[in-house]
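Dear colleague,

I am handing over the structure below, and I would ask you to keep it open while you read my notes. They go through a few places one after another, so that you can find each of them for yourself.

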Amino acid sequence: MTLLPDLLIERAALRAGRDALGERTPGGWRWRSWGAFAERAMSIAAGLCAAGVRPGRAVGILARSRPEWVEVEFGTFLAGGVVVPLHPAITSGGAMDIVRRADVRVAFVEDPVQGEKLLAALAPGGPISRIVAFDPVSHLAGSDARGRLEVSLGEMAVGAPAGALSPLHEFTDMGAAELRRGARDEIGRRREALRPDDPATIIFTASDAGDMRGAVLTHDNLAFTTATLGAELSVTAEDRTLLFLPLAHVYPRLLVWTAVQVGFAVAFTEDRRSVLRDAGDVRPDFLIAVPRFLEAVRRGLDREAASGPSWRRAALAWACGTTDNCGQDARATSFVGRTLAAVRREAADRLVWRGLRERLGGRLRFIVSGGAPLDDSTREFFESIGIPVQEGYGMTEGTALTTFTRPGERRPGAVGRPAGGVEIGIAADGEILFRGRNVMRGYLDDPEATAEVIDADGWLRSGDLGVLEHDGVLRITGRKKDIIVTEGGKNVSPRQVESLIRDVPLVRDVVVVGDRRPYLVALIALEPREIAKAAVLEGIIIGPPEEMEDHPAIRAMIEDAITDCNRRLDPFQAVRAFAVVPDLGSRPSHADPAAARLRRTEIEKRYADRIEAMYAREHSAFGIRHSGIRR
């Protein structure tokens, strides 16, 4: 099977002048051709060789999704290096931990602000020898803690070793010069020396204990899943897609790798808020998304219905009711029932849904949803307006692809049949097992953790629970490991977050929830003795415990403490709201994640009303709000 570096060279030879990677610029959309993409990747590969990156050494990328991210990744592959992605929202401490553990030699960053997270790694004894910035200047929305409105690469270079910092254009120019001096031969030798079992990328993901483990994916993992997904998706080299998910995750990277396999073009949008605007320009033929985006589109339509003129509110309300009723009408066996369904659909399409499809570009044939479970009502909503949603199931350790929903297999709660060449099994306790060429080589420098998840026969224990239906379709029924998967597909260890909050003296116990939700919230039981001490210090007259729990001053202290905890966490781990509850019961042992998961589920049921109330409000990104707390 052809490996990805060779696939890029072949693709560039076949479609040198055709669009490959696109982005919005102040002057409009700019597209890089496959030929230009491959040549830029070759220049970056030559630059890495000149910078001393040997085959098998790690190269970090800390940036948002953009064409340069992909060019650097393939340049690293061509040089025989290993790509280590870092999420743009990662903290400096988290970034430093990853680059040290992976022994990153060269790091590519979005701009100087992102580069500052890695400056300590440039110090003597640090792993990084060079930082390359895509943009040489960071323009800040407001002044930072040091009063800066912008940060330049030159300012960042103060105190750094000479030549350790450079903008991307200088690095690629240097690589291009190396190519003219014969570096292309060295890159060719490195390509020929690549073996399927060589590592291609190391992706760090949280375990249920909260520690970060580096999943090592090989070139064969990438080639296999790329070829498999290319065969499963109904796409051709003439298609386009729009990508807005962070390339720090394997799921969107799999799409880009598949683009190299198939030849379709990928446009990048700045963030999710720009998707509808950019979709109108790019006119994508298909999209990949996470449930959070799809549910946000539907919620946006609800808001539009509530704020528009009365005639439009009525039309939207009727059309939304139609999407709920058409499925029942379509199942009717009588001629009248089928006719009624057809009339409803045609009227709703003319009134509302055709306009929505146009806002998504007008050519969208289907959407792939992954990263987290999709709500049945959201899936049915999109399918009713003429945009089928195909779900898949996968995890980082399985190169993001284990099962896939084929046309005609869509059903509530199901995630399709195994991808070609992947085997699925169900353990005695209901845990989903899988094996195949999608399974990672193991965790970086951690044979014990690897042995915990991959047995001697190659079966990977997913930590998820499920059943196989009679036709081989997999249905997810729950989760064995104590991991929260947010609506945006983020894996969060609640134990890590709870441990920080539990260190707050006022807190006796805490349970964090957020599975299939947009963010985390916390249920907190207070420590009576510490509350009494705080009351004395604040001059509060001590009353019944339930009155103390509702006192604004006590709540303000809890809010400040949790906000301090949030500063030590990545943004997707932050707790954005809390509720004080009388009791959370006893805590299970840390050694029993299944018991912790069961307890969390029971507590969510017990306090369902309190949890829904927290999610009914809008919460700030890094702090928290609560009714009765100062704002």
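Trp257 has a relative accessibility of 0%, and because buried means under 20%, this residue counts as buried in the model, which, please bear in mind, is a predicted one. Trp257 belongs to helix 9, which covers residues 250-262. Which residues does Trp257 touch, if those up to four places away in sequence are not counted? They are Leu4, Glu73, Phe74, Phe77, Leu222, Thr226, Val250 and Thr399. With one of them, Glu73, the contact is also polar, side chain to side chain, at 3.0 Å. It is also worth looking at Val70, which is 187 residues away from Trp257 in sequence, while the C-alpha atoms of the two are 9.3 Å apart in space.

Next, please turn to a pair of helices. Two packed helices are described by the angle between their axes and by the distance between those axes. For helix 1 (residues 4-14) and helix 2 (residues 34-50), the axes come within 8 Å and cross at roughly 140°, and the crossing is left-handed. Helix 1 contributes Leu8, Ile9, Arg11 and Ala12 to the contact, and these meet Trp34, Gly35, Phe37, Ala38, Ala41 and Met42 of helix 2. Sorted by kind, the residues of this contact are eight nonpolar, one polar and one charged.

Strand 22 (residues 460-468) pairs with strand 23 over five bridges, and Val467 has Arg475 in strand 23 as its bridge partner.

The other open sheet has three strands, in the order 26-27-28, and its pairing is mixed. Strand 26 (507-513) and strand 28 (575-580) each have a single partner strand, so one side of each is left without a neighbour in the sheet. The twist from one strand to the next averages 25°. Strand 26 and strand 27 (residues 520-526) run antiparallel and are joined by six bridges, with Asp509 standing opposite Ala525 of strand 27. Helix 16 (residues 494-502) lies across strand 26, strand 27 and strand 28, at about 155° to strand 26, whereas helix 19 (residues 552-567) lies across strand 27 and strand 28, at about 145° to strand 28.

Methods: Residues are numbered from 1 along each chain as its sequence is written. This is a predicted model: local features need pLDDT of at least 70, side-chain atom pairs count only at pLDDT 80 or more; totals for chains, interfaces and linings use all residues. Side-chain values use heavy atoms; hydrogens and water are left out. Axes are lines fitted to C-alpha atoms, for helices over the stretch in contact, and angles run from 0 to 180 degrees between N-to-C directions. Helices (H or I, at least four residues) and strands (E, at least two) are DSSP runs, numbered from the N terminus. A crossing is left-handed if the near helix is turned anticlockwise from the far one by less than a right angle, and right-handed if clockwise. Contact means heavy atoms within 4.5 Å. Ala, Val, Leu, Ile, Met, Phe, Trp, Tyr, Cys and Pro count as nonpolar, Asp, Glu, Lys and Arg as charged, and the others, Gly among them, as polar. Buried means under 20% relative accessible area, exposed over 50%, partly exposed in between (1.4 Å probe, protein chains only). A polar contact is a pair of N or O atoms within 3.5 Å; within protein, one must be able to donate a hydrogen and the other to accept it, and residues adjacent in sequence count only if both atoms are side-chain atoms. Two strands pair if DSSP finds at least two bridges between them.
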